[in-house]
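Here are my notes on the voids in this model. They cover pockets and cavities, point by point.

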Amino acid sequence: MKWVTEVNVPKYNFDVNHRQKQLFLGSCFATHISNKFSYFGFNQVYNPFGVLFSPIACANLISSALLEKSLPQKHIINRDDHFFSLDAHSEIFGSTTAALQKRLDDASQKLRTALLEADVLFLTLGTAFVYRYLHTGDFVANCQKVPANQFEKVLLTVDEITNDLQASFDLLRQYNPKIKIVLTVSPVRHTRDGLIENQRSKAQLLLTIEKLLCTDAVFYFPSYEIMIDELRDYRFYESDLIHPNQMAVDYIWEKFEASFFNTETIQICKAVRNLRSFEAHSPQSKIDLHFDKLAAIKTDLISKYPFLQL
């Protein structure tokens, strides 16, 4: 007897492996998968500008980084004696505008390097709702707790999202022709928008992705459908009933492994998991022997697989 309606996850025509470099951008769901990649020793970069929910913000940052354009000064605001950019997450701030600009420039350079070197870009789209800063008329990535009356909330159309993302992808492919782009939609529901509005927002993102899959460089991984359909029970959610819990993340990761990893990559992940388990063990006695054995296991792994990031 089947207890779930399973999502058909394709086996992609390329592998994701430890010898490559991966870049993760987008919403907080990208954090879960990026953390898995980090745990298993992959060479990856995660959201240099912090978590980004807006596809327009992601597209703008990709293009700006590649073209080495600084983020606009007009989007720098002062709050609680610190300076923030409306184009980045609030984790990026400075005590002065110069300090903030340095952090923004560093993040842009990190993103540019990652874009130029990455074999695979994983981009997770969070919401089609964006905020227009009335002072400039531009869409921004983060309102930074600026009063709501300074913004206009907008539900982007499919064409608006598609045009911006396609332009950034075309530019990226000029700079890095080998890169593969894997799109996902975050299964995290934006309940502050309202549940009905959230469904409309996710629908816009899914329709956008359908239009973007017209090239052999862009792919879709159905994490949204796996979470919403296969794992529809609330036991797979955190106590807020919105975010997937660790059991759900592990389940989606298994689907991801089956779709993207070859035999060698799975074997390496198994070896790294054994190392991580040994690292997490806290011995009550013979502590020196424990750490000597841990060092020996790690040295052996790096000797076999020098590309591992441990």
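1. Start with the second largest pocket. It has 19 lining residues, and those nearest its centre are N60, S64, L71, P72 and D87. The model is predicted. Volume for this pocket is about 330 Å³.

2. Helix 2 (55-66) and strand 8 (138-140) are the elements that give two or more residues to the lining of the second largest pocket.

3. The largest pocket has a volume of about 680 Å³. Its lining counts 20 residues, with F53, Y131, H190, R192 and D193 the closest to its centre. Strand 7 (residues 129-133) supplies the largest share, three residues.

4. Now the cavities. Two reach 30 Å³ or more. The largest cavity has a volume of about 80 Å³. F24, F29, A30, I33, F122, T124, V182, T184, F221 and F256 line it. Two or more residues each come from helix 1 (29-39), strand 6 (120-125) and strand 10 (180-185). Helix 1 gives the most, three residues.

5. How many charged residues are in the lining of the largest cavity? None; eight are nonpolar and two polar.

6. The second largest cavity has a volume of about 40 Å³. Its lining consists of F49, K69, S70, L71, Q101, L104, D105 and S108. Three of these residues are nonpolar, three polar and two charged. Note L71: it is in this lining, and it is also among the residues nearest the centre of the second largest pocket.

Key
Residues are numbered from 1 along each chain as its sequence is written. This is a predicted model: local features need pLDDT of at least 70, side-chain atom pairs count only at pLDDT 80 or more; totals for chains, interfaces and linings use all residues. Side-chain values use heavy atoms; hydrogens and water are left out. On a 1 Å grid over the protein atoms alone, a cavity is a set of points where a 1.4 Å probe fits but cannot get out, and a pocket is an open set with protein on both sides within 12 Å along at least five of seven lines; lining residues have an atom within 4 Å of a point. Grid points are joined across faces, edges and corners, and a volume is the space filled by probe spheres set on the points. Helices (H or I, at least four residues) and strands (E, at least two) are DSSP runs, numbered from the N terminus. Ala, Val, Leu, Ile, Met, Phe, Trp, Tyr, Cys and Pro count as nonpolar, Asp, Glu, Lys and Arg as charged, and the others, Gly among them, as polar.
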